[in-house]
Amino acid sequence: MRAGFPDFRLGNVLATSFTGTLSERHGDAVERIPTPHRLVDWLAVYGLAVDSSTPAQLDLARELRESIHAAATAAAIQDALPASAVQVINDCSVQGRAAAILTPEGKRRWRLSSASCVEDALSVIAADAISIIAGERDGKLALCASPTCRAAFFDTSQSRTRKWCDMNTCGNRQKKARFHANQRKNPRSAE
């Protein structure tokens with residue numbers, strides 16, 4: 001990973017992890033793919049290695065990210081999907097040349113074309129978004145309870161009652177805030 005950039009927030013669901021490359025959307029937003037090279041790094045982490053990215057491809061990736069976020073947010077609150085977001089997701093899905101392959105361990109992995117490019121990787125992310133937004137996978141779209149985050153995430157917990165996109169960041173921050181608020185309300189008397 002390249003030094004000087006914010007860490008990636010990694011998750012188990014490709015599409016919602018991709019939307020997490022912009023975090024704290026309702027606070028001081030943190031862009032985790034600020035350069036084309038950083039997009040290449042993120043894609044490699046998820047097994048979608050490409051040789052390079054251009055500024056135009058980074059713009060396309062961000063457009064897909066925001067479209068997935070808009071559609072996943074609408075799905076989470078059971079609202080109509082924004083037509084423009086659906087169009088971007090669909091366009092990205094059909095643009096790429098990627099195939100699902102089965103590994104010897106029985107896992108699905110994506111293989112990009114031999115001359116792989118960012119569009120091939122984005123098509124995989126778009127296809128993943130389609131599968132979760134369409135309700136094809138076991139889980140539920142939800143929104144992070146953090147008022148500064150509100151990221152869409154895919155809840156696969158048994159009870160489907162997760163509150164935070166990531167317990168280590170948003171959840172931990174909220175728990176600390178509650179703890180400090182309780183400490184201020186009930187200060188211990190000096191002995």
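Guide: A pocket is an open set of grid points with protein on both sides within 12 Å along at least five of seven lines. This model is predicted. Its largest pocket has a volume of about 350 Å³.

Visitor: Which residues lie nearest the centre of the largest pocket?

Guide: Gly11, Ser17, Phe153, Arg162 and Cys165 do, out of a lining of 18 residues. Helix α1 and strand β6 (152-155) each supply at least two residues of that lining. Strand β6 gives the most, with 3 residues. By class, the lining has 8 nonpolar, 7 polar and 3 charged residues.

Visitor: What lines the second largest pocket?

Guide: There are 13 lining residues, with Asn12, Leu14, Tyr46, Arg108 and Trp110 nearest the centre. The space is about 250 Å³. Strand β4 (108-112) gives the most, 3 residues.

Visitor: How is a pair of aromatic rings described?

Guide: By the distance of the centres and the angle of the planes. A search of the whole structure finds 2 such pairs. In one, Phe18 and Trp42 have ring centres 5.0 Å apart and planes at 55°, so the pair is tilted. Phe18 sits in helix α1 (residues 14-19) and Trp42 in helix α2 (residues 36-45), 24 residues apart. Together with Tyr46, they form one aromatic cluster.

Visitor: Is Phe18 buried or exposed?

Guide: Buried means under 20% relative accessible area. Phe18 has 0%, so Phe18 is buried. Trp42 is buried too, at 0%.

Visitor: Where is confidence lowest, and where highest?

Guide: Lowest in helix α6 (residues 167-185), at a mean pLDDT of 70, and highest in helix α3 (residues 55-76), at 97. The mean for the chain is 86.

Methods: Residues numbered from 1 in each chain as written. Predicted model: local features only at pLDDT ≥ 70, side-chain atom pairs only at ≥ 80, totals over all residues. Heavy atoms only, no water. pLDDT = per-residue confidence, 0-100. Helix = DSSP H or I, 4+ residues; strand = E, 2+ residues; numbered from the N terminus. Phe/Tyr/Trp six-rings, centres within 6.5 Å; stacked < 30°, edge-to-face > 60°. Buried < 20%, exposed > 50% of the residue type's maximum accessible area, 1.4 Å probe, protein only. 1 Å grid on protein atoms, 1.4 Å probe; cavity = no way out; pocket = protein on both sides within 12 Å on 5 of 7 lines; lining within 4 Å. Points joined across faces, edges and corners; volume = space filled by probe spheres on them. Nonpolar A, V, L, I, M, F, W, Y, C, P; charged D, E, K, R; others polar.
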